[in-house]
Amino acid sequence: ASITGCLAGKIENRSAKIAIIGLGYVGLPLATAFAKAGFEVSGVDIDVRKLQEIRNSKTAITGVEAVCLQNLFAKKKLSVTDDFSCLHKMDVLVICVPTPLSKSLDPDMSYILNAAAQIEKYLRPGQLIILESTTYPGTTEELLLPEFEKKGLKAGKDFFLCFSPERIDPGNQKFALKDIPKIVGGVGKESARLGMLLYSQIVPRVFQVSSPRVAEMAKLLENTFRIVNIGLVNELTTVAREMDIDMWEVIEAAATKPFGFMPFYPGPGIGGHCIGVDPMYLSWKAKFHGREIKFIEIARQINAEMPNYIARKVSEILNQQGLAVRGSNILLLGLAYKKDVEDTRESPAFAIIESLLKQGAKISYHDPFVREVDICATRLHSLDIAPERIRKFDLVLITTDHTRVDYEIFVQHAKRIFDTRNVLKKFTDRDNIIRL
């Protein structure tokens, strides 16, 4: 049988061995999905502490249950290691490593390059390699392809190479990994066919595009669409307040139109990897073609300014009560970047806290998902909430709208609440609530 046919057969009968490189918010759910489908999966990561937590089934990644990990380990469908030599035995290698930004907002490709170097070391004929890490258009063909063809092996003939963007939405109760269609762009038809075949084992719909760069661009379009529209409503919200207009009510009214409008909501800023980071990869790449994507740059600036805007509003609210920021006791509700997850990456709450601390505020926080955190060289712990404790704060600032929080207690006992997420919209008759 041909190399292609042999690998296709292994995927179809689920005897193919799969390595997932990078066991974070994308990699670990993907590893468990393939393992639950019957594949033998090896998770590879350089973080020894993370590997030990996964082995002990103590991972905090939303959507990956401890009992699921225990079951997969017991059935020997899942194993984890920091030894990359296992890649030589694998039939499928999926790269799910971080792609952060540098301090100058340039793409940090070091994680992808390090993973590629390890794969190149152990690459053999008959393997399918897929990049899932979000990156700029051209990465798969410009960076990975030359690296893997160093040994004289040919993509589409000896080994197979695809890009398939991750689309996981942590904390989303409606759309889990298994519910979200996958996009696949391959280097050649055989690569695309094998990529399609692989993902069809764990998701109901796989959409093929003509090349990896189209798949890379599709992912960036999804998140650029979001950053631009969030930037728009954030900017309109700051203007609407000056006009004494409730932007939340405006959006609710506009959303009654059954076509031509999609609601996006304001907030204290954007966080996580997808919205705040991914579009900058596209903006960076565009400059190599002599173009500037002005929408991205403007939206980034507007969204990046929101934490400072919130800090200024906090100062105004306290001033109206004859209080200064310096010395005031402020409680933040929520440190995670979005509701019902433990993920604090790029969370706007941190920028707000730093701004208020510099002004001399005394900061505490409560977050049922984030038990402790280091901010400005200070370790903070999530406070247990009681009515008498709430009454001591000069201001409660809602920065994340977790559903696990009993907001009724805060409405009843807080002196003032600044709600940046509209989570208290049902409390229309309370004069201690200030809305964004």
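This section describes the sheets, helix packing and aromatic pairs of a predicted model.

Local features were taken at pLDDT of at least 70 and side-chain atom pairs only at pLDDT 80 or more, while totals for chains, interfaces and linings use all residues. Residues are numbered from 1 along each chain as its sequence is written, and side-chain values use heavy atoms, with hydrogens and water left out.

Helices (H or I, at least four residues) and strands (E, at least two) are DSSP runs, numbered from the N terminus. Two strands pair if DSSP finds at least two bridges between them. An open sheet of eight strands runs in the order β3-β2-β1-β4-β5-β6-β7-β8. Its pairing is mixed. β3 (78–81) and β8 (206–209) are the edge strands, each pairing on one side only. Neighbouring strands of this sheet are turned by 25 degrees against each other on average, direction ignored. Within the sheet, strand β1 (residues 17–21) runs parallel to strand β4 (residues 92–95), and four bridges join them. Isoleucine 18 has valine 92 in β4 as its bridge partner. Helix α2 packs on this sheet and touches β1, β2 (40–44), β3 and β4. Contact means heavy atoms within 4.5 Å. The direction of α2 makes about 170 degrees with that of β1. Axes are lines fitted to C-alpha atoms, for helices over the stretch in contact, and angles run from 0 to 180 degrees between N-to-C directions. Helix α5 (residues 110–122) lies across β1, β4 and β5 (128–131). It runs at about 165 degrees to β4.

A further open sheet has five strands, in the order β10-β9-β13-β14-β15. Here the pairing is parallel. β10 (362–366) and β15 (433–435) stand at the edges with a single partner strand each, so one side of each has no neighbour in the sheet. Neighbouring strands in this sheet are turned by 25 degrees against each other on average, direction ignored. Strand β13 (residues 395–398) pairs with strand β14 (residues 417–419) in the parallel sense over three bridges. Leucine 397 stands opposite phenylalanine 418 in β14. Helix α11 (residues 294–320) lies across β9 (329–333), β13, β14 and β15. The helix runs at about 155 degrees to β13.

Packed helices were examined next. Two packed helices are described by the angle between their axes and the distance between the axes. Helix α6 (residues 139–148) and α8 pack at about 125 degrees, with their axes 8 Å apart. Thr139, Thr140, Glu141 and Glu142 in α6 meet Pro212, Arg213 and Glu216 in α8. By class, this contact of α6 with α8 has one nonpolar, two polar and four charged residues. Ala, Val, Leu, Ile, Met, Phe, Trp, Tyr, Cys and Pro count as nonpolar, Asp, Glu, Lys and Arg as charged, and the others, Gly among them, as polar.

Helix α8 (residues 212–242) also packs against helix α10 (residues 274–287). Their axes come within 8 Å and cross at roughly 120 degrees. α8 is therefore oblique to α10. Residues of α8 in the contact include Met217, Leu220, Ile227 and Ile230. Among their counterparts in α10 are Cys274, Ile275, Tyr281 and Leu282. The contact of α8 with α10 has nine nonpolar, two polar and three charged residues.

α10 packs in turn with α11, at an angle of about 140 degrees and with the axes 9 Å apart. The two helices are therefore oblique to each other. The crossing of α10 and α11 is left-handed. Pro279, Met280, Leu282, Ser283 and Lys287 in α10 meet Ile296, Glu297 and Arg300 in α11. Four nonpolar, one polar and three charged residues make up this contact.

A search of the whole structure finds seven aromatic pairs. Rings of Phe, Tyr and Trp (its six-membered ring) pair if their centres lie within 6.5 Å; planes under 30 degrees apart count as stacked, over 60 as edge-to-face and the rest as tilted. The rings of phenylalanine 34 and tyrosine 199 have centres 6.2 Å apart and planes at 40 degrees, so this pair is tilted. The pair links distant parts of the chain, 165 residues apart. Phenylalanine 34 lies in helix α2 (residues 27–36), and tyrosine 199 in helix α7 (residues 189–199).

Conventions
Parallel < 35°, antiparallel > 145°, perpendicular 65-115°, else oblique. Left-handed = near helix turned anticlockwise from the far one by under 90°.
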